[in-house]
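Me: I would like to learn how to read side-chain contacts in a model. Could we go through them one type at a time?

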Amino acid sequence: MQFNVYPFFLLFLMLFSFPSLASLWSENELHIQQGKLNQPFADVSGTTSDTTIVTFQHASGWEYGQHFFFVDYASTEDDDSLYAEWYPSLSTHALFDSTYGGVLKDISVVMGVNMAPESDVLKYLPGVQLHLDVDGFQFLNLLIAGYIDDSEGISAGGAPKEGDSWMLDLAWRYPLAIKSQHFYIEGHVEYID
């Protein structure tokens, strides 16, 4: 099955990348990276190539949850490719007025999708996200998700199919100021079994 995701990406970029009447907040970022990177699917092992990666990233919150997605467009002298991840979530606090104690601020139900059309990769990541309330952090979230591979594999001309597993992803943003300059230390680390 060849899944054409280009119209899908365009639709989501149009629908979710700009503040709308339903958004409580919205944030967009554009990253451009350029360098000589290892090409894991090249015919000769250890092949490197000049690569440019353009990433569009979007996060927004609405009355009942949040959206986060990014799209990577990678270009080498030999090939172009897309890779995207989308994680819509529903907040149990917003939906059911649930309250939690200690450092646990909220629990969200998440249904993530990871996809790469050129290599026929399609993965589903159903799970829960724990929103932690830790002093100093603008956000500190732990995603615990299944990692379900719905790719077609090498026989269909794509990347190798992986077995189903699970994933942990810790994401954070920590604001800081040095004199009159304001910065964020932000990132994420993930573990896939």
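This is a predicted model: local features need pLDDT of at least 70, side-chain atom pairs count only at pLDDT 80 or more; totals for chains, interfaces and linings use all residues.

Me: Which residue forms a salt bridge with Lys123?

Reply: The partner is Glu162, with the closest N and O atoms 2.9 Å apart. Glu162 lies in the loop between strand S7 (139–149) and strand S8 (165–178), while Lys123 belongs to strand S6 (residues 121–132), so the pair links distant parts of the chain, 39 residues apart.

Me: Is Lys123 buried or exposed?

Reply: Lys123 has 7% relative accessibility, so it counts as buried. Glu162, at 41%, counts as partly exposed.

Me: Which residue forms a salt bridge with Arg173?

Reply: Glu186 does, with 2.7 Å between the closest N and O atoms. Glu186 is in strand S9 (residues 181–192) and Arg173 in strand S8, 13 residues apart. Salt bridges with shared partners also bring in Glu27, giving one network of Glu27, Arg173 and Glu186. Arg173 is buried because its relative accessibility is 6%, under the 20% limit. Glu186 counts as partly exposed at 35%.

Me: What about Asp50 and Lys36?

Reply: Their side chains meet in a salt bridge at 3.6 Å, N to O. Asp50 sits in strand S2 (residues 48–62) and Lys36 in strand S1 (residues 23–38), 14 residues apart. Lys36 is exposed at 55% relative accessibility, and Asp50 is partly exposed at 39%.

Me: How many aromatic pairs does the whole structure hold, and how is the geometry of one read?

Reply: The search finds 6 aromatic pairs. For Trp62 and Tyr64 the ring centres are 5.5 Å apart and the planes stand at 80°, so this pair is edge-to-face. Trp62, at 30% relative accessibility, is partly exposed, and Tyr64 is partly exposed at 31%.

Me: Why is the pair of Phe70 and Tyr83 called tilted?

Reply: Their planes are at 45°, so the pair is tilted; the ring centres are 6.1 Å apart. Phe70 is in strand S3 (residues 65–76) and Tyr83 in strand S4 (residues 80–91). Phe70 is buried at 13% relative accessible area, whereas Tyr83 is partly exposed at 25%. Together with Phe68, these two residues form one aromatic cluster.

Me: Where does the charged end of Arg173 sit?

Reply: The charged end of Arg173 sits over the ring of Tyr184, 4.5 Å from the ring centre.

Terms used:
Residues are numbered from 1 along each chain as its sequence is written. Side-chain values use heavy atoms; hydrogens and water are left out. A salt bridge is a side-chain nitrogen of Lys or Arg within 4 Å of a carboxyl oxygen of Asp or Glu. Helices (H or I, at least four residues) and strands (E, at least two) are DSSP runs, numbered from the N terminus. Buried means under 20% relative accessible area, exposed over 50%, partly exposed in between (1.4 Å probe, protein chains only). Rings of Phe, Tyr and Trp (its six-membered ring) pair if their centres lie within 6.5 Å; planes under 30 degrees apart count as stacked, over 60 as edge-to-face and the rest as tilted. A charge sits over a ring if NZ of Lys or CZ of Arg is within 6 Å of the ring centre and within 35 degrees of the ring normal.
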